[in-house]
Amino acid sequence: MLTRSGIGSPPRPGVSIGTRSGGEVIVGTGPSATALGVGRHAASDRVWIGFVPLLGRIDAHTLGALADLADQVSSGDLRVSPWRGVLLADVRTDDVAGVAAAGERLGLNSDPADPARLVVACAGSRGCAAGMTDTQADARELVDQLRGRAGTRAPVSFHVSGCAKGCAAPAGAEVSLIAEADGVYGVFTGRGIHDASPFGVRVGAELAPAAAIAVALTETSQAELP
Ligand code: SF4
């Protein structure tokens, strides 16, 4: 059972607590909602730093390296969040930039603005007999394309699924790529608004991964906030 014990109260908005390569680390830009980013512990001058592994997966080598990092710069605790993240607790504010950079070298992002946090994918054909597409590869490509759209990041969630069971996102997502046959996806949006299917309305059918991603990004553009 995972808890948020010790994570502390929400940080004060707009308070700079350190620097990282490329700019200041600001508390209160959203990390308290998902335990991603940097937040101050209650009754302490120390902070926690929450990382998100790409697609919620972390291998043994990376986890071991993260544990070593925790031993060096914090209490040694690693805490797992319900949002597929990993937190280092009790980090000194002076160490925030270094810890964030060390995490990035391990492929772990602590930036709440990184669109990788918006994408979930099941095991797909790499790890499930029912999988009809390589969801892991296709979701990574989707993340890469979202990251390349700097300044146009939308508050949209994406779900890439190897079949219609939708294991990776039981609660659904705003845009879903659902494998419909070997190597092809249907693209759905409007879940909860349109009840044509559990995933919403199909806006693309039997599309190769590249075409399905293009349709998903079109839906993203239409959902962007000003
Ligand atoms: S959604 Fe389908 S392909 Fe993906 S893990 Fe579940 S059963 Fe397997």
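Analyst: Strand 4 and strand 7 (residues 108–109) are antiparallel partners joined by 2 bridges, where strands are DSSP runs (E, at least two residues) numbered from the N terminus and two strands pair if DSSP finds at least two bridges between them. Within this pairing, V52 has N109 of strand 7 as its bridge partner. This is a predicted model, in which local features need pLDDT of at least 70 and side-chain atom pairs count only at pLDDT 80 or more, while totals for chains, interfaces and linings use all residues. Residues are numbered from 1 along each chain as its sequence is written.

User: Which residue of strand 6 is the bridge partner of F51?

Analyst: That partner is V86, and strand 4 runs antiparallel to strand 6 (residues 86–91), with 4 bridges between them. Strand 3 (residues 37–40) is likewise joined to strand 4 by 4 bridges in the antiparallel sense, with V38 bridged to I49.

User: How many residues of strand 4 are buried?

Analyst: A residue is buried if 20 or more other C-beta atoms, placed from the backbone, lie within 10 Å of its own. In strand 4 (residues 47–53), 7 of the 7 residues are buried; V47, I49, F51 and P53 point one way, whereas W48, G50 and V52 point the other way.

User: Which residues are around the ligand?

Analyst: A residue is near a molecule if its C-beta atom, placed from the backbone, lies within 6 Å of it. The residues around the ligand include C122, C128, C163, K165 and C167.

Note on methods: Buried ≥ 20, exposed ≤ 12 C-beta atoms within 10 Å, placed from the backbone.
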